[in-house]
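Please examine the sequence and the three-dimensional structure shown here before reading on.

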Amino acid sequence: MPHSVHSVSAEEPENLMDEDSILPDAPPAGLEFSESDDGQGNNSPNAVMQNAAKENIKLEDLFDDDDDEKFPSSGLSNETANSSPPATPPKKAPAAKCSDPEVMLAFYQRLFPFRYLFQWLNHSMKPSNDFGHREFAFTLQNDAYLRYQSFATSDLLRKDILRLNPSRFEIGPVYTTNPRDRKTLRKSTAFRPLAKELVFDIDLTDYDEIRTCCDKANICRKCWSFVTMAIKVVDIALRDDFGFDHIMWVYSGRRGAHAWISDKRARNMDDQKRRAVAGYLEVIKGGAQSGKKVNIKRPLHPHIARSLDILKEHFQKDILENQDPWAKPEKTERLLQLLPDKALNDALRKKWDAAPGRSSVSKWADIDALAKAGASKNLDGKALLEAKQDIVLEYTYPRLDVEVSKKQIHLLKSPFVIHPGTGRVCVPIDTKRLEKFDPLGVPTVTQLLSEIDEWDSDKVKPEPEEDEKKLQDYEKTSLKPYMDHFRSHVGALLKAEKGVKREREDDDAMEF
């Protein structure tokens, strides 16, 4: 039977209709935050974090339901999804849609890495409060939103997911107590977040004003280069400037990527420190209608200078050639607004008006050519150089959704869930092979189930020596390299956590 679905109880939990556990559709928008230091002055990363002042967490902030996606939890078909698992499996995998409850159930049963997810969030093989007091939030098939779920082990998480069969689920912080028991506390202030991975969100819709190939939810390989550039810049800053080691980038399933930093020091950051780190990485400020978006001090901060070195190799091909950002007259005017000399601007405008089809590559070269030719007698060469650096940054530097990073209580979509619109798996991205990552080549859930069917059919027969070892279902599919990368990441994290625990035990033994 194709990707057979085992029978699972569809019985609803007693507390399923708890009035503040079930919310319609997606969570409400987040709260406003005060601006933090942009970190681009003379402050070092450590100083930025150490100087962050402590502040009291308001009760209403504890229940922030910020959602990382800007689209509804809808599938590819118009059929209404059921909130409980189906009784019968689909007849054919290729004919099934990624939104079908039967397909989702088969994916959870056969492919979702519950054990590795547990180890990643628990930081140990032995169950602890790092997992047991962690909040999970489920989006059910009927778009109801179930919050404050918690589980002591991976088996209990798996059992509940197979029972509820959510279309996706999000991960929240570790709380002072079990989230399910929050109503039993005498004081509501006793229920507060203790720890959560530091996270970052890159979404291509934030690049719509500068990408010309696509817009909104649409992406292609050309505009994915914006995400590649962002990952390069942010990843090296987190490692070299802040000393973080355990960073995992995850494809969002459609048009972006999320960074999860699992170092203990990162998990224990309060909101002020999270805002400070986010501010350190934030350079592009202002919306689509605002003026100059890059305003940085000179001499350049080492982080900015390093970022320019990384980004300049992408600017020529990925921006000037592939995006051709100044092909339209209104876009050309935007470029001229960013240049500091009026006489030079007038000369450039005259030249470009005479050649309407001139490419962005040629227009960029024209700036230096006319400057050297003396188009402006009072041209300030240093000001022009700095303006060109700012332009490169405006068109290449990461555009982070920093609100995602600023608060412990923010919920973020779990790795390896299925994107409800595309059917693609939210897989980890190997930064060592970053340039080769293709978001359009990431497997879909129906593709993976078909690959299992093909492997198990008579058409594919393993060699006798391979037949001795029973393969796990994911090893039969194109999900294997992504799963192997996740396992490697989790293994390194567990090893580091064990070392930290051993050091702490040694320090305790030395005390008299």
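This is a predicted model: local features need pLDDT of at least 70, side-chain atom pairs count only at pLDDT 80 or more; totals for chains, interfaces and linings use all residues.

Residues are numbered from 1 along each chain as its sequence is written, and side-chain values use heavy atoms, with hydrogens and water left out.

The protein chain holds 16 helices and ten strands; these are DSSP runs, numbered from the N terminus, with helices (H or I) of at least four residues and strands (E) of at least two. Of its 512 residues, 52% are buried, a term that denotes under 20% relative accessible area with a 1.4 Å probe, protein chains only. Among contacts in the protein chain with a separation of 6 or more, 74% are between residues 24 or more positions apart; contact means heavy atoms within 4.5 Å.

Helix α2 spans residues 101-110, and eight of its ten residues are buried. Among them are Val103, Met104 and Phe107. The cover over the buried residues of α2 includes α3 (114-122), α5, β4 (168-175) and α14 (445-456).

How are α2 and α5 oriented to each other? Helix α2 packs with helix α5 (residues 154-164) at an angle of about 165°, their axes lying 9 Å apart; the axes are lines fitted to C-alpha atoms over the stretch in contact, and angles run from 0 to 180 degrees between N-to-C directions. The two helices are therefore roughly antiparallel, the description for angles over 145 degrees. Leu105, Tyr108 and Gln109 of α2 meet Arg158, Ile161 and Leu162 of α5. These contact residues comprise four nonpolar, one polar and one charged.

Ala266 lies in helix α7 (residues 264-267) and is buried, with a relative accessible area of 0%. Beyond its neighbours within four places in sequence, Ala266 contacts Lys196, Leu198, Phe244, Ile261 and Arg274. The C-alpha atoms of Ala266 and Phe244 are separated by 7.7 Å, although these residues are 22 residues apart along the chain.

Gln408 sits in the loop between α13 (381-396) and β9 (412-413). Is Gln408 buried or exposed? Gln408 is buried, its relative accessible area being 5%. Not counting residues up to four places away in sequence, the residues that Gln408 touches include Pro173, Lys196, Arg267, Asp271 and Arg274.

Key
Angles under 35 degrees count as roughly parallel, over 145 as roughly antiparallel, 65 to 115 as roughly perpendicular and the rest as oblique. Ala, Val, Leu, Ile, Met, Phe, Trp, Tyr, Cys and Pro count as nonpolar, Asp, Glu, Lys and Arg as charged, and the others, Gly among them, as polar. Buried means under 20% relative accessible area, exposed over 50%, partly exposed in between (1.4 Å probe, protein chains only).
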